[in-house]
Amino acid sequence: MSDARLYTFSQETKDALRKFRLGTSRAKDPQAKIYMIDTKTQEIRAQDNDTYSDMLELADELPDSSPRFVLLSYPLTLPSGRMSVPYVMIYYLPVNANPNLKMSYAGAVELMRSTAEVNRVLEITDAEDLQEIEKKLQGED
């Protein structure tokens, strides 16, 4: 069975993903949304309706023992002085997550990346790693 049939997106979620990507491309502040896999329906959907601009607040919202996908649009100034707004997916995979959940999320990473139209995926294992995200973004761009 292919991943495309295993996991689904509602049309509402697809529309929200597109609107978020297009709406954050010129953002002045970081914008992030948390996505999860509904274990009963295998639907990938937003965890809540919130958009986070504070990385500490975002870190607080990530569960301690369950993986999540975070879409992040993060404005930053490159060493050249040019403004850039990288749009990335953070694959949050806590070390103590349930192995079945880890497998579910691992199987959905590529589908989430392509559906959200993200070029780059960053993997983190600790919510506190979000505080270092700007360094990761600048170091690899």
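This is a predicted model: local features need pLDDT of at least 70, side-chain atom pairs count only at pLDDT 80 or more; totals for chains, interfaces and linings use all residues.

Author: Start with Tyr7, which lies in the loop between α1 (3-6) and α2 (11-23).

Reader: Is Tyr7 buried or exposed?

Author: Compare its relative accessible area with the cut-off: buried means under 20%. Tyr7 has 4%, so it is buried.

Reader: Which residues does Tyr7 touch, leaving out those up to four places away in sequence?

Author: Among them are Ile37, Gln42, Ile44, Met103 and Leu111. Ser104 is also on the list. The side chain of Tyr7 reaches the backbone oxygen of Ser104 at 2.8 Å.

Reader: Now the charges. How many salt bridges are there?

Author: The count is 4. A side-chain nitrogen of Lys or Arg must be within 4 Å of a carboxyl oxygen of Asp or Glu. Glu117 and Arg21 qualify, with their closest N and O atoms 3.1 Å apart.

Reader: What does the pair of Glu117 and Arg21 tie together?

Author: Glu117 is in the loop between α4 (99-116) and β7 (120-124), and Arg21 is in helix α2, so the pair links parts 96 residues apart in sequence. Arg21 is buried at 19%, while Glu117 is partly exposed at 43%.

Reader: How exposed are Glu132 and Lys135?

Author: This pair also forms a salt bridge, at 3.1 Å. Glu132 is partly exposed at 37%. Lys135 is exposed at 61%.

Note on methods
Residues are numbered from 1 along each chain as its sequence is written. Side-chain values use heavy atoms; hydrogens and water are left out. Helices (H or I, at least four residues) and strands (E, at least two) are DSSP runs, numbered from the N terminus. Buried means under 20% relative accessible area, exposed over 50%, partly exposed in between (1.4 Å probe, protein chains only). Contact means heavy atoms within 4.5 Å. A polar contact is a pair of N or O atoms within 3.5 Å; within protein, one must be able to donate a hydrogen and the other to accept it, and residues adjacent in sequence count only if both atoms are side-chain atoms.
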